[in-house]
Amino acid sequence: MAGSKSYTIVEYFGGEDGYRCGYCKSQTGNFSRGMWSHTMTVQDYQDLIDRGWRRSGKYVYKPIMQKTCCPQYTIRCHALKFQPSKSHKKILKKMNRFISKGELQKGQEDCAGEPMDSVCEEAGPQELSKVHLKCTALTDIQKDATEFPSTTEVQKEAADATPTGSQTSQNDPVSVPAGRTASTAPKPGNGADPSRPLCRKAKELRKERRLQKEQMRQNGDGVSSTVSPTQPTPSQNNQSKTLEDFISESLPENSAHCLEVRLVPVNFEDPQFMASYQQSAALYAQYQMAIHGDDPSECSESEFKRFLCDSPLEAEYAPDGPEVGYGSFHQQYWLDGRIVAVGVIDILPTCVSSVYLYYHPDFNSLSLGSYSALREIAFTKQLQKQSPKLSYYYLGFYIHSCPKMRYKGQYRPSDLLCPETYVWVSIERCIPLLDNSRYARLNQDPDLGDARAVRDLGRALVLYRRTVMPYAAYSRKRKGSSDEMEVQQYASLVGQDCAERILLYRS
């Protein structure tokens with residue numbers, strides 16, 4: 001839609017029935033509202049995820065938080081302030097050892113969890129495929145909205161729509177080859193290296209650290225000390241290393257493997273995307289069958305395309321945006337010339353949003369889920385240098401009632417989205433509330449409400465008979481339309497600002 005006004009066009013489906021939960025396995029306890037997005041601007045999606053929405057392919061859904069069995073809170077990490085934890089550093093070191101020496105401890109599972117929702121497909125209604133079939137006859141809606149003039153009431157509302165540009169294929173600006181193809185096999189060891197200091201017992205190291213703390217405390221109190229300074233321990237050196245230090249760590253010339261990360265736009269007209277499409281689809285099927293026990297029919301190429309390639313987001317470029325632009329991308333991890341993992345991400349105006357991750361089952365012990373999340377945080381920090389407001393990393397949903405999904409809270413500092421006020425609250429303040437109750441209003445200010453609550457339903461935009469118009473004009477044309485309750489529910493979920501920009505299709 002380059003050169004014309006960009007619209008987000010959706011069909012709202014609501015959702016009153018309960019369905020299977022992918023977290024607690026309840027058959028009817030999962031409740032959410034949903035809508036099918038024919039096309040969507042990145043700003044509209046940014047505003048929607050900041051109100052608790054999330055996409056699965058072109059289907060966008062919002063959990064009914066007070067009703068669903070496993071409340072799902074949107075979580076974001078402050079990428080610029082992130083410091084890897086001890087477990088994160090172990091994962092980064094493990095990957096560097098594998099690249100440099102070829103060490104692979106098979107049989108170990110990713111104990112830190114997977115960063116992208118591995119049950120994301122189950123988070124939306126099971127009738128998702130039916131929704132898709134219902135919408136296939138409406139693929140010309142976008143064309144209708146652009147070819148036919150809109151009413152004068154909405155011309156002002158659409159004036160600030162962001163023009164889109166052509167998509168390009170670019171490599172990940174923060175990704176460099178992490179090693180080189182081995183020229184010779186690693187030689188067997190000859191015992192301990194006499195040039196290196198002997199390993200020290202943990203008890204001895206703890207004793208030394210206590211002595212150092214006591215010395216620092218005395219110095220802080222103005223007490224002079226004649227204790228000579230000790231050399232920093234390996235653990236102290238470790239604490240000073242940043243995430244980027246671990247990722248860009250120099251490796252030997254004769255490294256056993258070569259790892260390269262490529263950023264590819266999700267675009268069927270992009271040659272780089274199409275050149276790796278079949279290999280990527282085959283990897284997805286391998287992952288789903290081995291890790292999640294899917295039947296082959298559940299992870300076919302058509303399912304792969306629907307779930308991870310069909311995106312409603314329009315590729316957009318802005319003068320103050322990242323060089324790669326905004327939109328949906330596949331971040332491919334190439335090991336020795338083949339794809340071993342793919343992180344599906346959306347680059348939005350203020351964040352990188354993780355969608356999903358799939359990888360080769362043979363490399364399960366490398367904790368690729370956590371490793372890719374760390375790489376994506378580093379990528380977010382790199383994009384922020386080009387676009388200052390792009391500073392957050394969204395990990396999808398945090399589900400405190402599901403212990404397996406609590407690992408997302410380990411990427412700190414992080415915030416959870418309050419489901420009533422839609423303001424961000426630090427996770428440290430949220431956890432005590434969620435320990436007491438599955439659902440909680442995270443913001444504790446009783447006077448604070450939803451700043452974008454619906455004030456004027458008549459200003460919500462609809463697309464009716466190939467014409468864009470406010471809902472008030474639509475209601476007059478329909479002479480007492482019977483869908484006011486449905487439109488009111490939709491508008492309350494997307495908020496006043498989005499309701500005045502997004503086109504709600506009316507038949």
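Modeller: M65 is found in the loop that joins β4 to β5. Strands here are DSSP runs of E with at least two residues, helices are runs of H or I with at least four, and both are numbered from the N terminus. The model is predicted, so to speak of a local feature requires pLDDT of at least 70 and a side-chain atom pair requires pLDDT 80 or more, whereas totals for chains, interfaces and linings use all residues. Residues are numbered from 1 along each chain as its sequence is written, and side-chain values rest on heavy atoms, with hydrogens and water left out.

With a relative accessible area of 10%, M65 is buried; buried stands for under 20% relative accessible area, exposed for over 50%, and partly exposed for values in between, using a 1.4 Å probe and protein chains only. Leaving out residues up to four places away in sequence, M65 touches P71, Q72, Y73, P419 and Y439, where a contact means heavy atoms within 4.5 Å.

A cavity is a set of points on a 1 Å grid over the protein atoms alone where a 1.4 Å probe fits but cannot get out, and a lining residue has an atom within 4 Å of a point. Strands β4 (59–63) and β5 (73–78) each contribute at least two residues to the lining of the largest cavity. The count of cavities of 30 Å³ or more is five.

Another lining residue, Y422, deserves attention for its backbone. Y422 lies in the loop between β11 and β12 (424–426), and its phi is near 55°, a positive value in a residue other than glycine. Y422 is buried, at 17% relative accessible area. D336 also has a positive phi, near 50°, and is not a glycine. D336 sits in the loop between β7 (327–335) and β8 (338–347) and is partly exposed, at 38% relative accessible area. A further backbone feature is the peptide bond from R412 to P413, which is cis, with omega near 5°; P413 lies in the loop between β10 (392–398) and β11 (414–417).

Loop residues can also lie open to the surface. Q27, in the loop between β1 (9–14) and β2 (32–39), is exposed at 54% relative accessible area. Apart from neighbours within four places in sequence, Q27 is in contact with Y19 and R20.

Aromatic rings are a further topic. The structure holds 20 aromatic pairs, that is, rings of Phe, Tyr and Trp (its six-membered ring) with centres within 6.5 Å; planes under 30 degrees apart are stacked, over 60 edge-to-face, and the rest tilted. F268 and Y277 form an edge-to-face pair, 5.6 Å centre to centre with 65° between the planes. F268 is partly exposed at 34% relative accessibility, whereas Y277 is buried at 5%. Y287 and Y356 have ring centres 6.3 Å apart and planes at 85°, so this pair is edge-to-face. The pair links distant parts of the chain, with Y287 in helix α10 (residues 277–292) and Y356 in strand β9 (residues 351–359), 69 residues apart. Y287 is buried at 0% relative accessible area, and Y356 is buried at 1%.

As for the whole, the protein has 16 helices and 15 strands, and 52% of its 507 residues are buried. Of its contacts with a separation of 6 or more, 73% join residues 24 or more positions apart.

Note on methods. 1 Å grid on protein atoms, 1.4 Å probe; cavity = no way out; pocket = protein on both sides within 12 Å on 5 of 7 lines; lining within 4 Å. Points joined across faces, edges and corners; volume = space filled by probe spheres on them.
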